[in-house]
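I opened this notebook page to record what I looked up about side-chain packing and charge pairing. The entries follow the order in which I checked things.

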Amino acid sequence: NGEVIYTIRGVHVKVSATWDFETKSGKDSHQAKLCGTRADLVIYEGPLAADTSGLFVYQKSKGSAEKFEKKLGAAVVKLAAKRPGLGVNRVDRAERAWQIIIPEKYAVGHEAHFAQVTENYLHYLAEGKLPSWEVPNMLAKYYTTTEAYRISHQNSPSTPQRSR
């Protein structure tokens, strides 16, 4: 479990991860929420999903829902060039909510996805190197986390200061 709050290029970011060893229902569940200024993206899976799991977009901006839907549709069309079959469906006019339609071939579920990630990791471990597209992501992630740790302990009375 952890949380990081920071500002990058003037944008405030909060990332939280919470893992509960057991759920009340005893079934695996997952929810992820990304909050933006114009919309929130929410992923529901397992018991949290109620009737349906998937990726939902909730408009937060004050503008017209029709204009928002048009922009959202255009963004999904761009994504569909790489992932054919993606679509968007309005699910609640009052809530200004849309579901991103994800074809079954991409919907592998949490456990199967974990197996895919593990398989990829073991492949890269055997090769002894990361794929080139992953290197900038890893550098950014580890720079952010190590800098956050350093800054958070900079003025702590219990942490000895190191000279540079």
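The notes below cover the nonpolar core and then the salt bridges of this predicted model.

**Core.** I looked up the largest nonpolar core and found 10 residues in it, among them Ala39, Val57, Leu86, Trp98 and Ile100. I then asked which elements give two or more residues to this core, and noted α1 (65-80) and β7 (97-101); the largest share, 5 residues, comes from α1. For Leu72, I set aside the neighbours within four places in sequence and listed contacts with Val57, Val88, Trp98 and Ile100.

Lys14 and Glu3 meet through their side chains at 3.6 Å, N to O. Because Lys14 lies in strand β2 (residues 11-17) and Glu3 in strand β1 (residues 2-8), I noted that the pair ties together parts 11 residues apart in sequence. Lys14 counts as exposed at 56% relative accessibility, whereas Glu3 counts as partly exposed at 47%.

Arg90 and Glu69 form a salt bridge at 3.5 Å, N to O. Arg90 lies in strand β6 (residues 87-92) and Glu69 in helix α1, so this pair ties together parts 21 residues apart in sequence. I recorded Arg90 as buried because its relative accessibility, 17%, is under the 20% cut-off, while Glu69 is partly exposed at 27%.

Glu147 and Arg150 have their closest N and O atoms 2.9 Å apart. Both lie in helix α3 (residues 135-153), 3 residues apart, about one turn of the helix. I noted Glu147 as partly exposed at 21% and Arg150 as partly exposed at 30%.

Conventions
Residues numbered from 1 in each chain as written. Predicted model: local features only at pLDDT ≥ 70, side-chain atom pairs only at ≥ 80, totals over all residues. Heavy atoms only, no water. Core = buried A, V, L, I, M, F, W, Y, C linked by side-chain atoms within 4.5 Å. Buried < 20%, exposed > 50% of the residue type's maximum accessible area, 1.4 Å probe, protein only. Helix = DSSP H or I, 4+ residues; strand = E, 2+ residues; numbered from the N terminus. Contact = heavy atoms within 4.5 Å. Salt bridge = Lys/Arg side-chain N within 4 Å of Asp/Glu carboxyl O.
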